[in-house]
Amino acid sequence: MADQSPGGEIPLSALAATVEEARAVGLPVDDAAAIRQADQLVRRSQARLVDLVVATRAAGVSWQAIGDALGVSRQAAFKRFGGAVARPQKEMEMGEQMIDLMDRTRAVFERLDAGDYEAVRTQMTYTCARTLSKRKIQGVWNQVVAETGRLESPSDLTVQTPDGANALSKFANRVLASGAIVQATLRHEAGEWIGRVAYNGSGKITGLLIAPPGSRNLPF
């Protein structure tokens, strides 16, 4: 049996040689197995090629050089592999967006506690800013402070997509562009609250609410 690779798969070179070596020494060959091996070789070779192009582009090699290596134009190389090359960067940007929204949510509640409504308003959409006026937001926050004291820290932040799914699972499917909801536990001097901030795909605030712990059927 051919040596296994660290991942438990037959190395590509061994896979390519398996059928031909069997025929060369006159051993019987299972045609169906040969077809499966050939198909596996094609798929794994293609995946390896994509990985190489992605790594090569990350190292700064031009599309012209990649096209020359493949015997095609730079436009043809880009059309074939451009999506795969762009995907890791998009995933990185989305990961950064998730972190940024958490930081932004912490800042939202800290600024509300400091009475800095204007700093929060600049991050809202136009519609949200019209609905959540300074008077309305400060009225709610003043009530929270009157019942449980000043904010000590927003903690236990989680990110969800608008359909309520955990963002970590959705992140793999690249749908955070549709927006996100960040929930935090607002720890005050004498009690806790649920704080939620809804964002659109551009990171602008579209909704903000504060509710008692254990609240259900929240609007978002």
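Of the 220 residues in the protein chain, 31% are buried, where buried means under 20% relative accessible area, exposed over 50% and partly exposed in between (1.4 Å probe, protein chains only). This is a predicted model, in which local features need pLDDT of at least 70, side-chain atom pairs count only at pLDDT 80 or more, and totals for chains, interfaces and linings use all residues. Residues are numbered from 1 along each chain as its sequence is written, and side-chain values use heavy atoms, with hydrogens and water left out.

The protein chain has eight helices and four strands. Both are DSSP runs numbered from the N terminus: helices are H or I with at least four residues, strands are E with at least two. Along the sequence the pattern reads α-α-α-α-α-α-α-β-α-β-β-β. The accessible surface is about 13,300 Å², and carbon and sulfur atoms hold 53% of that. Such areas come from the Shrake-Rupley method with a 1.4 Å probe; for residues, only the protein chains shown count as cover. Among contacts (heavy atoms within 4.5 Å) with a separation of 6 or more, 51% join residues 24 or more positions apart.

Start with helix H4, residues 74-113, which contains Ala 84. Ala 84 has a relative accessible area of 18%, so it is buried. Leaving aside residues up to four places away in sequence, Ala 84 touches Val 50 and Val 54. Val 50 is 34 residues from Ala 84 along the chain, yet their C-alpha atoms are separated by 7.2 Å.

A salt bridge here is a side-chain nitrogen of Lys or Arg within 4 Å of a carboxyl oxygen of Asp or Glu. The two residues are three apart in H4, about one turn of the helix. Asp 103 is partly exposed at 43% relative accessibility. Arg 106 is also partly exposed, at 30%.

The structure holds five salt bridges. Turn now to the strands. Arg 187 bridges to Asp 156, with the closest N and O atoms 2.6 Å apart. This pair links distant parts of the chain: Arg 187 sits in strand S2 and Asp 156 in strand S1, 31 residues apart. Arg 187 also bridges to Glu 192, the closest N and O atoms being 2.3 Å apart. Arg 187 is partly exposed at 27%, and Glu 192 is partly exposed at 39%.

Most residues other than glycine have a negative phi. Asp 156, in strand S1 (residues 151-160), has a positive phi near 50°. Asn 217, in the segment after S4, is not a glycine either, and its phi is positive at about 55°. Asn 217 is exposed, at 80% relative accessibility.

Between helix H8 (167-172) and strand S2 (180-188), the loop holds Gly 179. Gly 179 is buried at 1% relative accessibility. Gly 179 and Gly 201 are 22 residues apart in sequence, but 4.2 Å apart in space, C-alpha to C-alpha.

Finish at the hairpin of S3 and S4. Five residues lie between the two strands, and Gly 203 in the turn has a positive phi of about 85°. S3 (residues 191-199) and S4 run antiparallel, joined by six bridges; two strands pair if DSSP finds at least two bridges between them. Gly 195 stands opposite Ile 210 in S4. Six of the seven residues of S4 (residues 205-211) are buried, so the strand is largely enclosed by the rest of the structure.
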